[in-house]
Amino acid sequence: MNFDFSDDQKQQLRDQARKFLGEKCPPKAVRVVLDGKSPYDKELWKGLAEMGFLGVAIPEEFGGAGAGHLELCVIAEEMGRANAPVPFSSTVYLAAEALLIAGSEAQKTKWLPAIASGEAIGTLALFEGTGNPSPKNIKLTASNGLLNGVKKPVPDGAIADFAILAARTGSSGRDSDISLFLVDLKAGGVEAKSLTNLDPTRGQAELTFKNCKAEPLGAAGEGWSILTQVLDRAAVLMAFEQVGGADRALEMGRDYALDRIAFGRPIGSFQAIKHMLADMYVSATLARSNSYYGAWALSTNAAELPEAAAAARISATQAFQHCAKNNIQVHGGMGFTWEFDCHMYYRRANVLALGLGSLSYWEDQLIDRMRKKNAA
Amino acid sequence: MNFDDTPQEAAFRATARAWIAANAPKQHEDELRKSSLGRTQLKNANILDVAKAWQKKKADAGWACLHWPKDYGGRGASPIERVIWQQEEGVFGKLSAMFIIGHGMCGPTMMAFAREEHKRKYLPPLASGEKVWCQLFSEPAGGSDVAGLRTRAEKDGDDWVINGQKIWTSGAHYSDYGILLTRTDPNVPKHKGLTMFFLDMKSRGVEVRPIKQANGNSDFNEVYFTNVRIPDHQRLGEVNDGWNVSLTTLMNERMSIGAGVATGFPELFDYCSSLMLDGGPAIEDRSVRSKLANYAVKASGLKYTSMRAISALSRGERPGPENSIGKLVAGSMIQEVAMYALDLQGAAGVVSGPEDAEVAGRFQAMLLRAPGTRVEGGTDEIMRNIIAERVLGLPGDIRVDKDVPFNKIPTKGR
């Protein structure tokens, strides 16, 4: 038994990623995207590809590094820590994972090397307005290989080269009504509209499909079951991004509490502030531990993955939101200014909290899965 | 990262499992399973006798105090083997509650500071449960300010003469020995005039008075010392270096991780799985599921945090202050869980007897015991200070008595 990322190799990878992101993705680079001057940081994206980070969990035969998911967790945490303004989660956790789980040989050969090299941005178009992931909430139809309907919000939908999406292919009222499709967004038939959103460093779009050509991804009627697997895997990876963000928010709060003097003392010497920071540490630590368990389950494809993924997702969502909001509180009025970086993490925390379905969805999943395990 | 057993670990697990299956006091299994914080009692047996018998059986077969050296009654096992043992021992581990202070704190302090002949004499019967130990630190005026203690030790020939009072001493009423922190010099600042000893609790002049707690149990005591004589060879560490010795004790308290702190979650999940609420199973209710999920991730977060700490121990790292989060999180969680379980019962939740209440009154017992958990071994506030100061590096609280001789520190407020 060993419950830690203790290998030298992973420590090395973490140091390498942190150093790279520290240089290429300082807060002022994030602000270029935040201020709307660019939809994402193209230089950074290219750099990430050159470092091999985009394809770290993609097998070598498809142009990746073939390192594995533990390594991807390490990178994800650093991406969250740096608040990187790139379509990493949509491309790497969602699109690439969906291809790895259900893609045909031809689909994998076409898209995975393009992801690893930074040439293709992918996304998963799941939502159609208000509501959580559920077959019932999918109205977009597919017949004769043609899609009709609207997906929104789609993460990075305006800059993506391809999208994987769930469509209704039956009317039995069962999960098997849903199938997955892959759409080349640059081939025409899709109208993409950028949406203003809580965190401009991670764009959101509305995609309208009108008799749009699409190729199936995975077997017909298997869409929901594949999608559930994709979401579980993405939940673990996203949890690491959230843990990285939570840690950084805690660190910012701690540093400010040491520097800022009020009433003749550093504010970090007041118990009210100390205890708030201690509670941030507690939530970040619980989230990290749950995420480590998720990482183990993901990397070994353990039967525990569905339960572990839901626990990591809930815990990391809570921790990032908790740390991001209290980091602003520690900063007082300065924390509420545009000039300080606190709000960038606050935005990101709240966008990541919703991107794979809300907390209530994952709470439901967790309890269902725990019951199933207890019944077994 | 690997949650599976290595072949050696699997072999160790199989041996432990077989031995437990053949030897554990199974007649008490069901009752132990249903017991929870505040209610570990057996209906038809004295739990102290049952616990001592189980501990002795373990010791004779080499399963007591696994991580201690063999010479002192342990097994010399690795931290991971200790975890495996605890996982396999399961509900029978609840019987060890009365040995926690002795095994987790007194024993390691003796190992670090006692003379070799004392270690060989006192540690094996401590490991085997034949002798029970307690820890005499807290005082009525002390509370979280442990170093503010007033019990005096004065040198008289080869002995020390002790006068004063301790309080909140768990298990003193059935303890054979104790480690005792005293003041030996009141003319220096408070941390600098303390000295540690161990003593026979049956010594002349020691009087133990159980305290009736808010939940009606009496697990803690007041202990009075009137001219109690302790020979100098029972001193632990140097004269006036008792604060450092006590830090070793407290550090080892953190080492007692892995035992798993009670959160009340498994009990709540079981309860919600069987409870019918307004005609349907409670666990299908949206708000119940949300509550359960939130408690579930705290409980699993604590579990894997302690696993990570054990991995760090396996690598030879020392247990750090980050391990304070277990008690901090579990303490208030068990209180909330108990309140929530009673809320689900509606007005029936007020009934508390094991015969009359829902699920044998386990949540009512938990509710009334929980406030103690948030105080014993350091309050929630002290735990947060420890995390803030020693993990996050924030400034210490301002201590106006830091450099003042102990006998010049004010003793009354307003």
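1. B:Cys272 has a relative accessible area of 0% and is therefore buried (buried: under 20% relative accessible area; exposed: over 50%; partly exposed: in between; 1.4 Å probe, protein chains only). The model is predicted: local features need pLDDT of at least 70, side-chain atom pairs count only at pLDDT 80 or more, and totals for chains, interfaces and linings use all residues. Residues are numbered from 1 along each chain as its sequence is written, chains are lettered from A and ligands numbered from 1 in the order in which they are written, and side-chain values use heavy atoms, with hydrogens and water left out.

2. Over all chains the number of disulfides is zero, a disulfide being a pair of cysteine sulfur atoms within 2.5 Å. A:Cys73 is accordingly in no disulfide, and the nearest cysteine sulfur, that of A:Cys323, is 19 Å away. A:Cys73 counts as buried because its relative accessibility is 0%.

3. Helices (H or I, at least four residues) and strands (E, at least two) are DSSP runs, numbered from the N terminus. Axes are lines fitted to C-alpha atoms, for helices over the stretch in contact, and angles run from 0 to 180 degrees between N-to-C directions.

4. Contact means heavy atoms within 4.5 Å. By class, this H9(A)–H9(B) contact has four nonpolar, four polar and no charged residues. Ala, Val, Leu, Ile, Met, Phe, Trp, Tyr, Cys and Pro count as nonpolar, Asp, Glu, Lys and Arg as charged, and the others, Gly among them, as polar.

5. Within chain B, helix H4 (residues 79–89) and H9(B) cross at roughly 145°, and their axes come within 8 Å. B:Pro79, B:Ile80, B:Val83 and B:Gln87 of H4(B) make the contact with B:Met307, B:Ile310, B:Leu313 and B:Ser314 of H9(B). Its class count is six nonpolar, two polar and no charged residues.

6. A:Asn83 sits in the loop between helix H4 (69–82) and helix H5 (88–102) of chain A. Its relative accessible area is 1%, so A:Asn83 is buried. The side chains of A:Asn83 and A:Arg348 make a polar contact at 3.2 Å. A polar contact is a pair of N or O atoms within 3.5 Å; within protein, one must be able to donate a hydrogen and the other to accept it, and residues adjacent in sequence count only if both atoms are side-chain atoms. Neighbours within four places in sequence aside, A:Asn83 is in contact with A:Val30, A:Met344, A:Tyr345 and A:Arg348.

7. Some backbone values deserve a check. Most residues other than glycine have a negative phi, and most peptide bonds are trans. The peptide bond from A:Lys152 to A:Pro153 is cis, with omega near -5°, and A:Pro153 is in strand E3 (residues 146–155) of chain A. A:Phe263, not a glycine, has a positive phi of about 55°; A:Phe263 is exposed, with a relative accessible area of 77%. A:Asn301, also not a glycine, has a positive phi of about 55° and is exposed at 56% relative accessible area.
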